[in-house]
Structure formats: C-alpha cells, structure tokens
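Work through the exercises below with the sequence and the 3D view side by side. Try each task before reading its solution.

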Amino acid sequence: MTTDIARMRNIGISAHIDSGKTTLTERILFYCKKIHKIHEVKGKDGIGATMDSMDLERERGITIASATTNVEWGDHSINIIDTPGHVDFTIEVERSLRVLDSAILVLCSVGGIQSQTITVDRQLRRYNVPFIAFVNKADRVGANPLKVRDQISEKLGHQSVLMQIPIGLEGAFLGLVDLVAMKALYFDGPEGEVVRVEPIPAELAAEAAAKREELLDAASLFSDELTEALLEGRATEDLVRAAVRKGVLARKLVPVFIGSAYRNKGIQPLLDAVVHYLPDPAEVENRAVDLDGEGEERVLSADPAAKTVALAFKLEEGPYGQLTYVRVYQGSLRKGEEIVNTRSGQKIKVGRLVRMHADTMAEITEAGPGDIVALFGVECASGDTFCSPGLNLAMTSIYVPEPVISLAIEPIDKAAADRVAKALNRFTKEDPTFRTHVDTESNQTIIQGMGELHLDVYVERMKREYRAEVRTGMPQVAYREAVSQAVDFDYTHKKQTGGAGQYSRVIGRLEPLAKGVFEFANEVRGGRIPREFIPSCEKGFRAALRKGPLIGFPVTGVRVVLNDGQYHPVDSSDIAFQMASQGAFRQVYMKAKPQVLEPVMKVSVEGPTEFAGNVFATISQRRGVIVSSVEDGTFSRVDAEVPLAEMFGYSTVLRSLTQGKAEFTMEFLKYGRVPPHIAEMLTEQHLEAERKKSQR
Amino acid sequence: MTLTVKEELIKRSPLRVLEKSISGGLGRGNIGVLASRKGVGKTACLVHIAADKLLQDQHVIHVSYASRVDHIVTWYENIFKEIAKKPKMHAALDEFDDLIRHRVIMNFKQDGAKTQQVLRSLEAMIVHGNFRAQTVIVDGLDFALAGPDDLLKFKELAGRLGLEIWFSASLKKEDPQFDERGIPYELAGYLDVIDVLISLQHHGDHVHFNLVQDHGRLAPKDLQLKLDPTTLLIAKDVPVRAR
C-alpha cells in the first residue's frame, strides 16, 4: 500500500445506464487481483444492470457498487468511488463529485452520447472534474467508436483525441493499436489477462499513422517541449503522455480509449491511462467554505502536516456496524486525535480507522491528504465536514434544494413500523433532500424527495435492507403559494377577556420577493414597537407562511417591511405581536393577488425518430413546453419543461407508446405559475377539505 | 392611447420597413429566402425576424441543420438583449422568459435528414405537439443538396398549415455570384418556388439588403436596411445628411 500521494488516484466511473459500468468495474477488480474469478452480469444485454450489481454484491459479499473500492495497479493505488447514475439524487451526485479527483466517462460504441451522458458531462463540468473517455462494447453489432469520438466533440463540445484505434470491430474485434507506442495490443488467455504486444498489422498502418498525427497535433498544443521535439524528430512516448496529461488536467483535452469489457479487451491499457493521464490528489485544487467569515472560499493544501479537513460523504450500515466514509483533503486523520464536526460543533476522537478494499478492510493508524478511509462508530450525517480544532470549514455547500414531491406511507404491520422508523432515521441522515414527518392532521407518515424515482428507491430499500414493507399513497406535488402584488397592512390585535389583556398593532407592507423564500425588513422608527418585540413580529409572519390561505401549501417569495405600530406598556407581549403579525398577513394576503406555483421539471426524452410525433403529443398533453427536438438520422431527443404534477406514470405511457424503445430522464428545474383553471381547482379542493375538517 | 413597451418595439422595428417593401409581409403559405455568402449574417437576420414574431405573440419554429442547440438558444438571448438595450425597453426583457416559450428549436443533421422526414417532424410538432406556429425559420438547408422539389414540398406544407417560412441560403459559388438582375446563379432554378428573395451583400463595412424578387415580381431594389455589425440586428440604413 503506497502512501506516496503522486501514486494515488481517486476516480469515478461515470456512465449511461446501459454502457457496461458494472462489467467494466468487475474487470478492473479482476485485473487488479481484487477478485479471483470473473462473474458475468446476468442478462448480458445490460438490461437492469444496476439491479444486477446489487444482487452481485449481496451474493458475494463484496462492495462493487459501494461507496468506494480500493485497488492497486502496478505501484499505484486507485480508489474507485461510486457515482449514482440517476439525476434524482442530486445531493449524492454532488457529494461523490466532491470526493473524486477525476473520472472515466464510459460510452457505448453503439448508442453513443445519450441524454444521461449529457447530464453526467454537465456535472463533471460543473465540478471541474478532468476525465478520460472509454468507448465500450466495440464487439457489438453496429459498434462505431470513431463516430462516438466525433460525438464527444459535437454533442459535448470537448476537444477529443483518439489514443487507440480498433483492430476489427463487432464480432471481429480483435485488439487495439496504441497510437502512443505505435504497437498492436491483443488480449490473450481465458480472461484476456495476457497482453500480447505485436507490430501494427500492415492494413492498419496508414490509418494508425494518420490518427497518430492527429494525436500529436492535439497534444503539442499543451507542450512546447513536445512541439520542439516533434520538429527535431525526437518525440518520446513520455513527452507525448506528459502533453496529453496537461491537456486532461486543464480539462481541455479528452483522450479516447476503446475496448470491450465483456470480451476482456482494452481494460489494462485503460488502467494504464488512469495512471498516466488522471491527476493525483495534490494536482487538484480543493476549496472549502470558511464558516467563520462571510462564506469566502479557502484553497486547501495537500500537506499531511497541515490542519485536518475531511468530508464524511457516505454512511453505511454494514456487517461490521456503522461505517462513515471520509475523504481527507488536507492534513491527516490520526487514530486517537480529536476532530470537530463543523456542522454540529461536536468534538469526537478518531477511533478505529480502516481502509476499505473490495472484500476486506485494513486497520490503519493514519490517513493523509487524498486518502479515502472509513471511521467506526461516529455519529454524524453525510455531508458533514471534520476539521482539526481551531478550523471551521465546510466542504459542501449548505444549500439543500427543497423537496418537490411527497408520499404517504403506512407500515403493513406493527413489526414493520419499528423497522420503518429505523430506516427513515438512517435515510434522512444520509440524504438531506430526503425528508420525513408525521402529518398532524391525518397522522400519516409522509416522505418527501426530489422525484418519483427518488422516493421509489427508498421504499424499495426499506423493504430490502430493513424488511420493512409499507403501503404507499398517491404521490403529492409540493405546491407553493406566492404573492404577486405589494399591499399595505395595518392590523391591531386586542384581547381583554379575563386575566391579562393582549394589545399590539403592526403597520407595514407585504411585497413579492423575486429570489428567496422570505425577507423581513424592520423600518420602525422612534420605538413605536419596542425592539424586543421585532423578532416576535418576524416569527409571526414566518408562522403564517407555513400554510398559505389559498391552498394550504407554504408561501414563498415574500418580503415584509414593518414600518410602524403601537404597543401597550402592560398588555403588549411576545405572543401579542406574533398574533398581530399573523392577523395582518391573513388580512391582506388575498389582496396581494396570491398565485399557486408548481415544480416544473426539465424532461429529456430519447428514442427512435419514428416516435417523435407521439412524444410531442405526450408533452403537449401534459401542459409541457417543448424547448427543442434534435434528430440525428433514426435517433431523436426531445427536451421539454413539464409540470411535475403531470409526469406521474409517464414512464408507463412512454413505454407503451413507443414499444419500450424510448426512455426519459427528468430533474427539477424551477417553480412555475399554475394556470388559473388548475389553481381554481386546487383552491376548491382545499376549501372542501377545510370544510370537512371543521364539520368533524 | 399610449403604447406598451412591446407595441412600441414592434412599431419601431426596422422590419416594418422590410414589410412595407414586400407588400405587407411575406404572407402565409409563402417562402422567403435570405441569400448570401457564408458569414455575412443570415442567421442573425433570421433570428431577428423570429424575435419580432415572438414579440407579436406568435409561435415560431426554428429549424436548424448541424448547428448545436445551445448556440441557437444563445443567439436568441443575445438578440433580445440587444433589442432591450434601446432606451426604455428594459421592461421588455422581463417578458423574454414568457415569449421564448413560444419558440421551439428543431435540429436536424443534414446528411441524415431527408426533407420528407423534416416535414413529417415539423407537421408532427404542429399537429401532435399542438404547437400553433405561424412562422418557421429554416437555417442552414443546403440548397445544392435539396433541389427545387424539396423547396416545393416545404411550400406545400406552408400552404396547408398556413405558415410563413423563411430560409437562409448559403452561396458558395466564386464571383460573380449574381447575374445582371441580381439573382444568385445558384438559386436561378428555384425562382418559381420562392416568393420573396433578398440578397445580403457587403458594401464597404456594411451589409446591405437587396430585394431581388417580391411575390413573383422581379423587382431589384435597395431596401435601405443594413445589418448593424455590433448588435447584429437589422437596422435602418439612414443616409448621412448634412443638417
């Protein structure tokens, strides 16, 4: 096990769901001698690949799709960090992208760039993650890795360059020509474990020479040394690799590798490429937010002797008890030393510290910058940052998107109820976008999240991991209310029935706020409302916002300006001003022309062109707006904005309309105005429900 | 009665000058073509025409060949920004988000896209997608690949669905590109199908608009319009006069 930071790689394997990520990971583990036999993913057409990997894990007791797996390739140590494939898991994606330093983008030789690939690429761009591309499935009918390479430039807008060309394709895919070494590579032995190096076949010599020229042209942009060497005819393999590496690190060049994980071809050169072209932890700039200042960012240093900064990115309840996966960014984690959770302020002592391998774990006493290790028995939530005492930094943004959908769940029996509670407790710790509460009126347990699938997965996990079965209700959209017009208020709260009286008066203005949920401005002069009661007023307004009078959903985008009022030396109190503020809100709310807002999703549908008309129709029927449609021969993609409320059951509809040939992804985009007739319907439903409640 | 910001924008648009010169506009069921050498500014003009229709609350389909969708989106954003830069027009920008919902971009890869398929998808968008477009912008159709027959098929669709379709035509021939009547040699075979043909030409540092054909009449005429090189908007070309 190396501790030399230059020999460490923290990589993610990012892929479209059918591109063979599980098979590739399996092969990597095999060639790195982490597992001793290759087990095939069931259903080799790739359908249900994610489920397969979960089953594999369970059967074999290893953690392929787990938080991280450590492998060794030559004298390098590679941590493979799992990246969730679906956009519903925004927080998890953000977190895993923080943890990895670089990635392999896996593409399919047949399918090429698809909407999920574009999503993944956007995430890599957002977090500035350098990557190399692996075009998999070169053995498949219709495989065209060179076209996929062109798509990387055209559709993703990256400067890309072939590092290899295939020897044969489809059923005749035999091996690769390495354009740096200018050698042919074949993969022999029952599992392709023997790499045989041969001269380039004569019939490929011309193509190889031409593609090498392209490679040298692209690489020399990043290295004057290489340019000079090329002019003098003394370019070495090392010079070429160093230049490509510079391009990759700057995110200005994407080297493209080819292979077939299923046929055991091209994996060893890909592992070499991870070592050659992807950065070590010290080459990546990491930043953290300073919680003591005004949110400035601090650049962290990969110095093991500096003060410690580490991020807890995943909690896992394994056979060994509760594990907290952490990545160290700065300084070191040492057994027995004290660290502080900067979210809770809680101090903890580092107890057992382990490094996870695919099937075992090793006790260690110290972990340095770039290391990914697990802590035992630490109470924290994922996303928490640990620092040495005296430092107060946070690795992840504090911003958590509000859930857009909710679902009522009910345990099927008493025994399940306890396990449900346990499961929910765990999930909410792991994932801040997943929330749960008990509705006080219906007494039902409500779970909330970022999409239908997001909640489905948790319901499924309850069943699988906690044997807790639940009945579910209909998914509910998280509507919002918002005011659209400024209004003045002047409200007096008076109560004089027995005991101490209550008196308070608030005067001011309620206005729409373009960005944010709520803003409170105090412009009261001359002590017309004593200072100690100003927070009471704010509290009162906040309470009123929780449940809007229109449809009973939270009110958002409100600014309250308090500019005058009155008090009574005896009868005014905290509660009196809270009451006055709530009263003022109720009094003028309807005059502020309230509107109903609904979550609008960004939807992307892909499939054969022949179904484009059907897809247009489904979007239009769902109050959607088509933004664009792209047709490339027989393949088409439609991008649209559709209200979440209309998207329930869309996958079933789409499947039956397109014979299962089209698929879609969606993610939250924004809150948008609900059309008047639907807002009216929601208002009536709300009134009806309120009426029933009062009759009871 | 005072005009709203939007009405003011529409009224003052230099495109009104263009409409006046071509008997009130292109008209439904008709085909208009902007022809020039590559890089003169056809896309900018088409997007300006589209933006003008959007301001008038019309629906527009922007068909493009081989260009990336995000580039087209940026074109529109920039054109709207430029329009709103004029004095007192900032308020118009607030409406941009709503207006842009009336535009759909349809992107086709040239080599894979037969006109028949493009028309099928266009019709599907309008009929099945319930997108009530009045104007269609077609940018980047290769007139050398698509013959007069293809253009005729577009015209048939325009007539059937009541569309105005504006094309850009990239002229690739070496000089001279135009015959003595100002007709681009490459488009001579298409004149029967084209209702309005306008050529864009560099004159010194300006791009000028010449009306070549107006609803069947060959009527060479300088439209007194230019392409503003900084805003990439079509602008009135006011001759410099001494005060």
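**Exercise 1.** Determine how β36(A) and β3(B) pair.

Solution. Step one: find β36(A) and strand β3 (residues 103-108) of chain B; they pair in the parallel sense over four bridges. Strands are DSSP runs (E, at least two residues; helices are H or I, at least four), numbered from the N terminus. Two strands pair if DSSP finds at least two bridges between them. Step two: locate Ser628(A), which stands opposite Ile105(B) in β3(B).

The model is predicted: local features need pLDDT of at least 70, side-chain atom pairs count only at pLDDT 80 or more, and totals for chains, interfaces and linings use all residues. Residues are numbered from 1 along each chain as its sequence is written, while chains are lettered from A and ligands numbered from 1 in the order in which they are written.

**Exercise 2.** Describe the side of chain A that touches chain B.

Solution. Start with the count: 15 residues of chain A are in contact (C-beta atoms, placed from the backbone, within 7 Å) with 17 residues of chain B. Next, the elements giving two or more residues to this side of chain A are α14 (612-621) and β36 (625-632). β36(A) gives the most, with eight residues.

Technical notes. Two residues are in contact if their C-beta atoms, placed from the backbone, lie within 7 Å.
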